[in-house]
Amino acid sequence: LVAICGLRLELHGTPALPADGRGVLQISNHISWLDISTLHGIRFCRFVSKSEVKHWPVVGRLADAADTLYLQRTSRKDAHRVLHTMAERLQQGDVLAFFPEGTTSEGKELLPFHGNLLQAAISVDAPVQPVALQFLDAQGRLSQAPCYIGDDSLIESLWRTVRAEGVVARVTFGEP
């Protein structure tokens, strides 16, 4: 999908590998509907997503196919269920990922974190790896083309993205 949209993928750092039977929890900033495909372009990871995504046309089917874990964000009980499932998956060696900002932004600075899901990694002593996403234009400046924020529609964001030339999706893996 990243290539179909005309983006080039640029990798910095090294994705942490599961070790000692434990998986890895990746946490990343969130800019665009392309973020998940960008991270999947490097390696498969199972995402935690808001439950509404399951019912979105096309996207919901893709999320189901990737074995996404869905969270009803307004339910404390469901948060406990998802934390338990995440801990089990990490113990089984899965790579899990989520966006602790909880929403998309321009990517110029981080929004406040909703860090409750980090408890899954703490519970099973699994590494947490920070990941920074950026979309750059042909001159190496931040590109707003793939952004999906505010009143943007998916169609508007998609159109801006495919019309932009030379956009690079830069993924930087930090130390776990």
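Residues are numbered from 1 along each chain as its sequence is written, and side-chain values use heavy atoms, without hydrogens and water. In this predicted model, local features need pLDDT of at least 70 and side-chain atom pairs count only at pLDDT 80 or more, while totals for chains, interfaces and linings use all residues.

Helices (H or I, at least four residues) and strands (E, at least two) are DSSP runs numbered from the N terminus. Helix α3 comprises the 16 residues 76-91. Gly93, which follows α3, has a positive phi near 95 degrees.

The buried residues of α3 (buried, under 20% relative accessible area; exposed, over 50%; partly exposed, in between; 1.4 Å probe, protein chains only) are Asp78, Val82, Leu83, Thr85, Met86, Ala87, Arg89 and Leu90. An α-helix has 3.6 residues a turn, so residues three or four places apart point the same way. The buried residues of α3 pack against strands β2 (24-28), β3 (46-50), β4 (69-71) and β5 (95-98), and against helix α4 (119-124).

Val82, in helix α3, is buried because its relative accessible area is 1%. Contact is defined as heavy atoms within 4.5 Å. Apart from neighbours within four places in sequence, Val82 is in contact with Val48, Tyr70, Leu71 and Leu117.

A nonpolar core is a set of buried Ala, Val, Leu, Ile, Met, Phe, Trp, Tyr and Cys residues joined through side-chain atoms within 4.5 Å. The largest core has 19 residues, of which Leu7, Leu39, Phe47, Leu133, Phe135 and Val171 touch the most other members. Strands β5, β6 (128-136) and β7 (168-173) each supply at least two residues of this core. A second, separate core of 17 residues includes Ile27, Leu69, Val82 and Leu117. The C-alpha atoms of Val82 and Val171 are separated by 26 Å, with the two residues 89 apart along the chain.

Gln26 lies in strand β2 and counts as buried because its relative accessibility is 2%. The side chains of Gln26 and Arg43 are joined by a polar contact of 2.7 Å (a pair of N or O atoms within 3.5 Å; within protein, one must be able to donate a hydrogen and the other to accept it, and residues adjacent in sequence count only if both atoms are side-chain atoms). Beyond four places in sequence, the residues touched by Gln26 include Leu39, Cys45, Val95, Gln129 and Phe173.

Notes. The expected span of a helix is 1.5 Å times one less than its number of residues.
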